[in-house]
Amino acid sequence: MQPYQEEYIANLKEITLLTSGEEREGQNFEEFLAQADGQKRRAEEKAKRNMKLLREGLFPVLDHIFDADEEETAQLREFAGGLLSGRDELDVGLYCQVHKALLSLARQTKDRKNMIRELYSLGMGYYSISNKLVGLSREDTQKYISQMRLCFAEAAAYLKYFDEIEDGETRGYILRSRANMALGSFSSPSEKIRMVKRTLQILQDKGYQEKEPGLPWDRYIYMTHQQMAASISYSKDNTMTSEDIADVMESVYIVYQRRFQEAERKGEKPPLRPSFSYNTIAYFCGMLGLEELLAKMEDLMDGADPKDYSVDSMYSIISVPAFYCQFLNDYPEQIPKRKEYIENLYRRILDYVDTVPRAAENEALFLYLRQLSSTFVETEDSVLYKDFLLKLQMHFTPEIYIHSRMVAEMAAAFCGMIMDEEPWFFDDIEEICRIEEAEEKRRRAVAWAAECGMLHDVGKINFLNLYAQTARQWFEEEYEMAHLHTLMGANLLEARASTRIYASVAMGHHFWYDGSRGYPEAYQRLECPCRQMVDVIGLFDWISNVTDTARLYTGIEKTFEEAVREAVALEGRRFSPLLTARLRDEKIVSGIKAAFETGRREAYRQLYALRT
Amino acid sequence: MKGSKGYLVVERRAGDEAGVLYADSMACELSGLTAEELQSVDPEQTLKHLKNDVVALDGEHELWILDTACNRHRRVAELEHMNAALEDALKAAEEANRAKSNFLSNLSHDIRTPMNAIVGMTSIGLSHIDEKSRVQDCLMKIKTASSHLMSLVNDVLDMSRIDSGRMTLNEEVFSLPDLVHDIAVIVRPQAEQKKQTLQMEIGQIYEENLIGDSLRLRQILVNIIGNAVKYTLENGSIRTRFSQRMPENREGSKPEKNTVVLEFLCEDNGIGMSQDFLSRIFLPFERVNNTTISKIEGTGLGMSIVKNLVDRMGGEITVESREGEGSCFRVTLPVAVAVHSRKEQELPEGETVLIAEDRDDRAEQISGYLEEAGLRPVRTRSGLETVTRLTEAQYENHMPCAMLLGQELEDMSVLELASHVRQLAGRTFPILLVSEADWAQIEYRASRAGVNAFVPCPLFRSRLMETLASCGSQEGTGRQAEREREYGSHHVLLVEDIALNQEIAVEMLTMMGVQVEAANNGAEALERFQASPEGHFEIIFMDIQMPVMDGYEATKRIRELPRKDGESVWIVAMTANAFVEDIRLSREAGMDEHCSKPIDPKRLQEILDSRFG
């Protein structure tokens, strides 16, 4: 690797440590705050340095990619390998940029071997991106899944010329690409199962095996069985044919047997993960009833050790509950008799999350928690869904939590001032409109603003790499992807009764007031049942972003006063004139600035409480 | 017989009909009956018109004096006949008056409704004048209401022209594909709004360039399809079909040369019409009343205008309908064929064309047209299958001559596939989009995805072949020459320090038809620009990181030059620096566009098109 490449990767690792905010023991709050400030500053310096490294080191190479010699391309590959390797993901966006350039070079020079390899690598990058979009509709994620699948499909097409391609490594890429075509979601489980089945047939074909005996065929086949067994997680009743069930069952049994044998050989506890697939396939083929399946899942969840932070244990404690809740969502009549169990389940999970040592398998933990958030079952006395979401924010995206808190404080303060002058201002919100008593009306409006501020960015939880772990400014594609946080947030909030009323705020807070710009297209301001509140949150989200939160990844940095002036300049276009008119009043602005500071400090106080 | 009288004795008993007891010879002569026959008839009915006078003989008998010299009875008969006719006329007038009253009442309602919207929305807009988006919404609603009002007025004026015989038809050459696409653009959004399936099929078409009044023809067809949309419930379906046949040989006459019969069918599964209404459908001011369709607006003149126009064009319109099941309109019109020299398309016979389309009907139609033209269609249904086939074709060196992307694929959006195929197959491989979509809406995304050309649906053979031919020769001199004709007069300056990059970019730009000059760094670019006549360079493609003078500095200096084009020349940043901040910085430095490296030809083309197109 080139020195700039090594430094870039070292900086990424350091930034990850700095943003995870390791605190010293016995710190008081002021020390914690000072340390957090220092860490943030250092992370920003590192990020700036990284930008310089890319500008001076990488971009000129990409600029001249068609001129690059073998050594340079080998270094680029090694560098990309450091950015994303297996589960270790440091900078998938840059990884994709590098491999895109290498693919262009391979296409230009008609270097088939490298073309196949680059298609595989780029496919893996896209997989990593699409894998984060848990909970979004297929329509919204299709672009990313298609990009991934097309890369794998193109590389896999060379299977027809397996004989002519004599290089063993390239043959391996072709086979792995073929297997990876089944990654990601499909329109039906059958489609996915058919795809995996075809891969299995290819891998088990003696003809191919004899041509390249050096490849790890057993491993390929076993991993494909694992892939087939995992497809059960996404299946629902009546969505699989009997042939599908038979295919999955065979793979589930193979994986189950092998994992148990391995555990026995090593003298370890029987693995929990394959047991879930084993029970579920038994349910799908009628050997277990729903009650029995749910009871077996409860056994699995209850049997997990809450002090065991291995991936297998996390799976039982968090991921199995996600699938358990999925069944309950599909069969809501099962909920009343399990109310108490569900309530305890979520408390247990949150306690577990609080005790997980930071950075210990956090990627898996985070994935499982996102699965859980998308199937969350809310009951009368259960943990509130919004609290669950905020807990995730505090743990995994503390920066977003701090930002949300600042927006909430500013919005609440501002709404209070508006309500003092115009008590009917938020009467587009039905609940507020119904309240007649002025003080109660004001109190509700302020509470609404605070809740909206806290929840407007919950969708960002799926884009950890863009927000919490970013160590440089975004590329255009990343900027576009970040837009999905609005839809994601609206989907999450819309799905639960206690948060449904705030969904429009998550959806519309980046939409311009005059409709000329912003996103997403799905937001229709004039049809929004709380558009004045959306406007308020949009305004303070922007102010907080340009002054504090987003400067790292967008490169925009303004003081609070500059931001307010610019908001007024954008009056009637980006922001509602009904709101910006008030920003001309110095007293109001100073009130908001105080709330801005309070919000930030209060957010840190909450994080401090959580960590100590 | 003038002045002669006849006599009858008539007996009239209580409860019985009157009967003739006696008739003299003159009475028989006047009545044209024998005495016996007269005794068997009812004199009140049969002889009423001859009865001149009556003399009561006693309580049961009368003497009737029959007289032809007196016209009273005839007059009475005539008067009664006239009365009946007048009654009929009155009834008809009353019926017409009822229809007109209904029309006026409907019209006043229909006029009042959009007027209410206009007045109301204007007030709302005025009271929220500070809320731009609110005002915008009001204006959009006012616009919709105004266009509706305009269409009402136009209908009334048309009917009045027809009534007064002032309606004339134009004779002009028009293109049937253009006409059908215009109609599709008008009616598709209406159907989409009601989530209806609107199928627009094209059958056998002999001639596409025709002579007639295309405006009136469009009015006929839009009216019929518009009614189908209006009277079909949400999620319903409407099928239209355009075809042609040769005129039939009438007995003893030769078929007219240079004429085809245009056949149009429109069937829907809407609310249908009663048999009673069907008999009145082409009368003015009639419209269906149905409670299942709310807010149906219109004058009730549309179908009457359609019928009049079809009659004037020498055609026929028929309708079949069943209440609750739907309606089917058929129009046949003889249309003159425009004399034109058919330009044979230069298509590479026997070459393969890849069709990526999941819809069977569309794929079959495209395949049919390609086969007729001597091409070999190969069809795929999914993105993955397409990429697999193209990769194999590339490996085996038998790439198809083009790819036709259809409306939908099994597994992904067509534009996602286009984007990957553009990378896989290279910049010169023609990718055509054959779609019902409105090109204006998707052009930006489609061009960015690498689509070279668009063929609108309903699909006409000529359109497909023309577009395919123009794209097919893209690599050859035909397209090159066309591009040179298009962009050949435009000069661009390429500023790039790396020789290989410069060579590739010059090649790409030359392929796109512009006149390219190259500079090796910012200082050289500045020098060249200063030395060129004003307005010579219209675009400067500027690398950012260069020795001697970088792209930002060069841009700044060019913008500061004391010449008019220093400010107006388009400067496009070409750099691998792809951060959002870089894009912003290039804009701040005075650059107009950003094109990231490695250079993507479709992006270059997009920039040229937006500057020169």
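Student: Which residues of α12(B) are buried?
Tutor: Happy to start there! This is a predicted model, in which local features need pLDDT of at least 70, side-chain atom pairs count only at pLDDT 80 or more, and totals for chains, interfaces and linings use all residues. Residues are numbered from 1 along each chain as its sequence is written, chains are lettered from A and ligands numbered from 1 in the order written, and side-chain values use heavy atoms, leaving out hydrogens and water. Buried means under 20% relative accessible area, exposed over 50%, and partly exposed in between (1.4 Å probe, protein chains only); in α12(B) the buried ones are B:Val414, B:Leu415, B:Glu416, B:Leu417, B:Ala418, B:His420, B:Val421, B:Arg422, B:Leu424 and B:Ala425.

Student: Why is α12(B) largely enclosed by the rest of the structure?
Tutor: Helices here are DSSP runs (H or I, at least four residues), as are strands (E, at least two), numbered from the N terminus. α12(B) is largely enclosed because, of its 12 residues, the number buried is 10.

Student: How far does helix α12 of chain B reach from its first C-alpha to its last?
Tutor: The helix covers residues 414–425 of chain B. Its expected span is 1.5 Å times one less than its number of residues. The reach is close to that expected value, at 16 Å.

Student: How many residues of chain B are in contact with chain A?
Tutor: Contact means heavy atoms within 4.5 Å. On the chain A side, 51 residues take part. On the chain B side, the number is 40.

Student: Which residue forms a salt bridge with A:Lys160?
Tutor: A salt bridge is a side-chain nitrogen of Lys or Arg within 4 Å of a carboxyl oxygen of Asp or Glu. Between chain B and chain A there are two salt bridges. In the one with A:Lys160, the closest N and O atoms are 3.5 Å apart, and the partner is B:Glu396.

Student: Which helix gives the largest share of the side of chain B that touches chain A?
Tutor: Helices α5, α11, α12, α16 and α20 of chain B each supply at least two residues of that side. The largest share is seven residues, and it comes from α11(B).

Student: Is A:Gln226 buried, partly exposed or exposed?
Tutor: A:Gln226 lies in helix α10 of chain A, residues 217–230. Because its relative accessibility is 31%, A:Gln226 counts as partly exposed.
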